[in-house]
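This report describes the packing of helices, the sheet and the nonpolar cores of the model shown below. The sequence and the structure come first, and the text follows them.

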Amino acid sequence: QYRMHPAISAFPAAHFYGGRLKDDPSTLSRSEAPLRLGPLASLGPLALLHVRGAREEAVRDGSVRNMAEAAAICDLLLELRGRGVDVRSASRVKVLTFYAAQVAAIRAAADARGLRGVFIATVDGAQGSEADVVLLSCVRCRGVVGFLADERRLNVGLTRARHQLLVLADVETLASGSKGRTALAALVRHAASARCLHEWSAGSSPPRLSDEACARLVERTTDAPHASPAADQPAPHPDRPDPDHPGAAGAGARAEGERAARVEELRRFQAEAAALEAGRLAKKREAVHAAAQPFRPPYETQPEGGVRSTAWQC
């Protein structure tokens, strides 16, 4: 690959491509000028920024937004602009997220703070593109990861940056809300081992999370629920309590609650996918309709007032 700084490509190469993706030597000698700009320089080419206290909000179309992450994105854009980076250049800076509602939230926050013209889009809309610096907003923060569970989307989001990739997320959700979603858990473990987990702090250089905090997050990605039961201990039925297991009477209720949460997440996922597909089909129909309209040359009309005029027909 010729695009990404090796520190950015390390995780996608190992996790999504099984180590088969190699860095061209040109990526090793690439100028790192964008990394020498104020507090952003201390973050390095890859940083996973934990936005503590963030809250996701559902909107009417089933999408979700996170205003704390939107504000953090604007802080980073202002920092880049203050250091001379043209944030309106899509080849220099891109802001990506997994949710249409978050695109609208970031755009509104950016307009309110004088940051018009910044490239802000969903990950789906950024396939095939790249930029020097990419700010990626993950949005989710209630233990449910939604679109982040789609490894293809996650791969696209993590591989658009040339020099610097800043991922804003509730890291605890990525860690503990990733049962069966190995990419998210692996991303947290990679960021912890690469010492690029930071606590987001507006107006100052985001401090790196302590080794103890990183260790706790890594433990949450490998908690007991992920492990298989011992071979000589058959797993109890999720809906029937095990009489020999103290406290197992609530296992069925917990399993039912988890199942309901998964169903709700799936419904939200399907609603967002249906909305995106409906939008694409509508645009396609408009394009086909416009292309089917015959071109007609202008014709002259003679109104009652005697003034000759020319009109165009489409």
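Helices α4 and α6 pack at an angle of about 35°, with their axes 10 Å apart; here axes are lines fitted to C-alpha atoms, for helices over the stretch in contact, and angles run from 0 to 180 degrees between N-to-C directions. Glu151, Leu154 and Leu158 of α4 meet Thr182, Ala183, Leu184 and Leu187 of α6, where contact means heavy atoms within 4.5 Å. The residues of this contact comprise five nonpolar, one polar and one charged, with Ala, Val, Leu, Ile, Met, Phe, Trp, Tyr, Cys and Pro counted as nonpolar, Asp, Glu, Lys and Arg as charged, and the others, Gly among them, as polar. Helices (H or I, at least four residues) and strands (E, at least two) are DSSP runs, numbered from the N terminus.

The model is predicted, so that local features need pLDDT of at least 70 and side-chain atom pairs count only at pLDDT 80 or more, whereas totals for chains, interfaces and linings use all residues. Residues are numbered from 1 along each chain as its sequence is written, and side-chain values use heavy atoms, with hydrogens and water left out.

Helix α6 is largely enclosed by the rest of the structure, because nine of its twelve residues are buried, that is, under 20% relative accessible area, with exposed meaning over 50% and partly exposed in between (1.4 Å probe, protein chains only). Those buried residues are Ala183, Leu184, Ala185, Ala186, Leu187, Val188, His190, Ala191 and Ala192. At 1.5 Å a residue, the twelve residues of α6 should span 16 Å, which agrees with the 16 Å between its end C-alpha atoms; the expected span is 1.5 Å times one less than the number of residues.

In helix α1 (residues 6-15), the buried residues are Pro6, Ile8, Ser9, Phe11, Pro12 and Ala13, and their cover includes α4 (151-158), β7 (161-169) and α6 (182-193).

The largest nonpolar core has 40 residues, and Leu48, Phe98, Leu136, Leu148, Leu158 and Leu165 have the most contacts inside it; such a core is a set of buried Ala, Val, Leu, Ile, Met, Phe, Trp, Tyr and Cys residues joined through side-chain atoms within 4.5 Å. Two or more residues each are given to this core by α1, β1 (46-50), β6, α4, β7, α5 (171-176) and α6, and the largest share, seven residues, comes from α6. Leaving aside residues up to four places away in sequence, Leu158 touches Met4, Ile8, Phe11, Pro12, Phe16, Leu136, Leu165, Val167 and Leu187.

The sheet is open and is formed by six strands in the order β5-β4-β6-β7-β1-β8, with parallel pairing; two strands pair if DSSP finds at least two bridges between them. Strands β5 (120-122) and β8 (197-199) stand at the edges with a single partner strand each, so one side of each is left without a neighbour in the sheet. Within the sheet, β4 (residues 93-97) and β6 (residues 131-137) pair over five bridges in the parallel sense, and Val95 stands opposite Leu135 in β6.
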